[in-house]
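Dear colleague,

Here is the structure I said I would pass on.

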Amino acid sequence: MADSTHMLNFSAPRGFFTTFKSDCKETFFPDDPFHKFKDDKPLAKAKKTIQYFIPLFEWLPNYNLRLFRYDLLAGITITSLAIPQGISYAKLAELPPIIGLYSSFIPPFVYAIFGSSKHLAVGTVAANSLLIAQTIGDKASPKDDPTLYLHLVFTATFFTGIFQTALGFLRLGILVDFLSHSTITGFMGGTAIIICLQQLKGIFGLKHFTTHTDVVSVLRAVFSHRNEWKWESAVVGVIFLFFLQLTRYLRQKKPKLFWVSAMSPMVVVVIGCLFAYFVHAEKHGIAIVGDLKKGLNPPSIQYLNFDSRYLPATVQAGVVTGLIAMAEGIAIGRSFAIMRNEQTDGNKEMIAFGLMNIVGSFTSCYLTTGPFSKTAVNFNAGCRTAMSNVVMGVCMMLTLLFLAPLFSYTPLVALSAIIMSAMLGLINYEEMYHLFKVDKFDFVICMAAFLGVSFISMDVGIMLSVGIALLRALLYVARPATCKLGKVPNSSLYRDIEQYSGSTTIQGILILQLGSPIYFANCTYIRERILRYIQEEQGISDSKSDVIEHVLVDLSGVSSIDMTGIETFVELRRILDARGIKLAIVNPRIEVLEKMTLAKFTDAIGKESFYLSIEDAVRSCQFTLTSNKLFAESSNDQNVV
């Protein structure tokens, strides 16, 4: 082949430590956080480093009264939502209601110090509350041994914090990416279904219920105890649920009235307390929350239980709920940051979540993260910084000190209505339909989580969905994208001939493009696919003019290659040489070229067979084809003479 116009850079391969350092940097520090101040003076560098790890020191020096006015309003607003949600979700987790209020006091202060999101509001969430009850409840009954159950929940929260903090410090936020958007959509939808159905216990005032969470078991429990149904409780529940849904509808129609929907759970709790107090609701079959003591969070570090009998359950609950809480919290924080053209740091968020759960486990709190409903209210209320969480924490402190006993008359049916109303908004039918229209495989992943959670269990549903998603990723690796390129008329561009039907192939030259890393898992497929391309191309016509003499393989989309991949190219070259076909490589990336150089593949094939661009390779091949044709014609003429 003739020399190329633009030569490929065959510089000496980089050393192992250089490449290893580069790979680690791209894996763990893709955002290169310290690049902005690497040339600063030591004092300035130390100051900015502290600001990076503790975001409070970044925004607090510039804080002023104008910003505080917005955060004060937002903090008070989310407190009105935190009180009923805290009690409701604690009930969902089979915990004393006061634990839900404790969990909205200490963690917000921790997040305000270490969190990077300006809009995220800290609190408990329904999905993790139910998952904790399901996992820990298998080891300790919340009814038969409530003290042990509570201590195991604190221990699971501690493991959640350790897990989240470790992932953040080790920069392993990539693990959260394995929970795809489709998985989260299906998981949240399935969780919302089973939580809604479980609230039928509170709506109908049932005393006996199943410990299972699947749809079939819950419905069987509801209808098998029809003799326990209380029509008074059902009527009150339907009225409360109708009111909550009406305020939600009003917010959707008139977004400026968001505060109506935000305040509605608190209104339900207040009206429910007054109703229960004046009509003596317990005498009519309507159960109430019961005793709520005054006082701030008591220490619970001494209650952490590391007994080997319960350790597997607490670790499992901590890791699974921690992963889900991180994925949900980080995704929600990023979603609202994008609306203001801002950014959040996923690794900082993991550290913040982890630290507030560690501290929370020491102060009688259970798992907290960034719930969507509370964050949306915080955003719409006009919050400007994480100070809104501090305001919420102060308001919760005042509630615990002075107002907690007032909520002891809260009817359980009111809490069930609040939970059902919140869960109905988490079933995203439109997104599921959108997935079905755009990507059927994503829809299958979503449905695996949705149906698995609904009809089997929460952990099985999410593992099934993640498993299918990983299978899809493996299929992408094992069957990488390949295509045949043709030249776009009146240009030097070469594009996929299936996508650009007007592009033309070049006689005697087959141009192929690979679009993924080349590993042991896909080497056989790549070799067989290239040979099939050649067979298909030569099978189109029997004329000798259509015989393929050059195969150009564009590797610009191949980010890496292993030794099996290089051996595959060696074998492919041997097969093509036997057929009289020349192999050429186009634009290999630095890592690919370095490995080919170290493996002596560049020497075996010849550096003249490497090109910087497809256009250069085509010109060289055409020159060779013309030369061979002239030589053949000259030989024929001599034979005739």
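The notes below go from the whole chain to single residues.

Please keep in mind that this is a predicted model.

Overall. The protein chain has 641 residues, of which 51% are buried. It contains 26 helices and six strands. Along its principal axes, the C-alpha trace spans about 120 × 65 × 55 Å.

Two helices. Helix α7 covers residues 126-137 and helix α9 covers residues 181-198; their axes come within 10 Å and cross at roughly 70°. An angle from 65 to 115 degrees counts as roughly perpendicular, and α7 and α9 are therefore roughly perpendicular to each other. The crossing of α7 past α9 is left-handed. On the α7 side, the residues that meet α9 are A126, A127 and L130. Their counterparts in α9 are F187, T191, I194, I195 and Q198.

Aromatic rings. The structure holds 15 aromatic pairs. One of them is F105 with F109: the ring centres are 5.8 Å apart and the planes stand at 85°, so this pair is edge-to-face. The cut-off behind that label is an angle over 60 degrees. F105 is buried, at 7% relative accessible area, whereas F109 is partly exposed, at 28%. Elsewhere, a single aromatic cluster is formed by F158, F159, F306 and F362.

Charges over rings. R384 has its charged end over the ring of Y70, 4.0 Å from the ring centre. K440 lies over the face of F436, and here the distance to the ring centre is 4.8 Å.

I445 belongs to helix α20, which runs over residues 440-455. Is I445 buried or exposed? I445 has a relative accessible area of 2%, so I445 is buried, the limit being under 20%. Which residues does I445 touch, leaving aside neighbours within four places in sequence? I445 is in contact with S180, S182 and T183, and also with S465, I468, A469 and R472.

If you open the model, the crossing of α7 and α9 and the surroundings of I445 are two places to look at.

Regards

Key:
Residues are numbered from 1 along each chain as its sequence is written. This is a predicted model: local features need pLDDT of at least 70, side-chain atom pairs count only at pLDDT 80 or more; totals for chains, interfaces and linings use all residues. Side-chain values use heavy atoms; hydrogens and water are left out. Rings of Phe, Tyr and Trp (its six-membered ring) pair if their centres lie within 6.5 Å; planes under 30 degrees apart count as stacked, over 60 as edge-to-face and the rest as tilted. Buried means under 20% relative accessible area, exposed over 50%, partly exposed in between (1.4 Å probe, protein chains only). A charge sits over a ring if NZ of Lys or CZ of Arg is within 6 Å of the ring centre and within 35 degrees of the ring normal. Axes are lines fitted to C-alpha atoms, for helices over the stretch in contact, and angles run from 0 to 180 degrees between N-to-C directions. Helices (H or I, at least four residues) and strands (E, at least two) are DSSP runs, numbered from the N terminus. Angles under 35 degrees count as roughly parallel, over 145 as roughly antiparallel, 65 to 115 as roughly perpendicular and the rest as oblique. A crossing is left-handed if the near helix is turned anticlockwise from the far one by less than a right angle, and right-handed if clockwise. Contact means heavy atoms within 4.5 Å.
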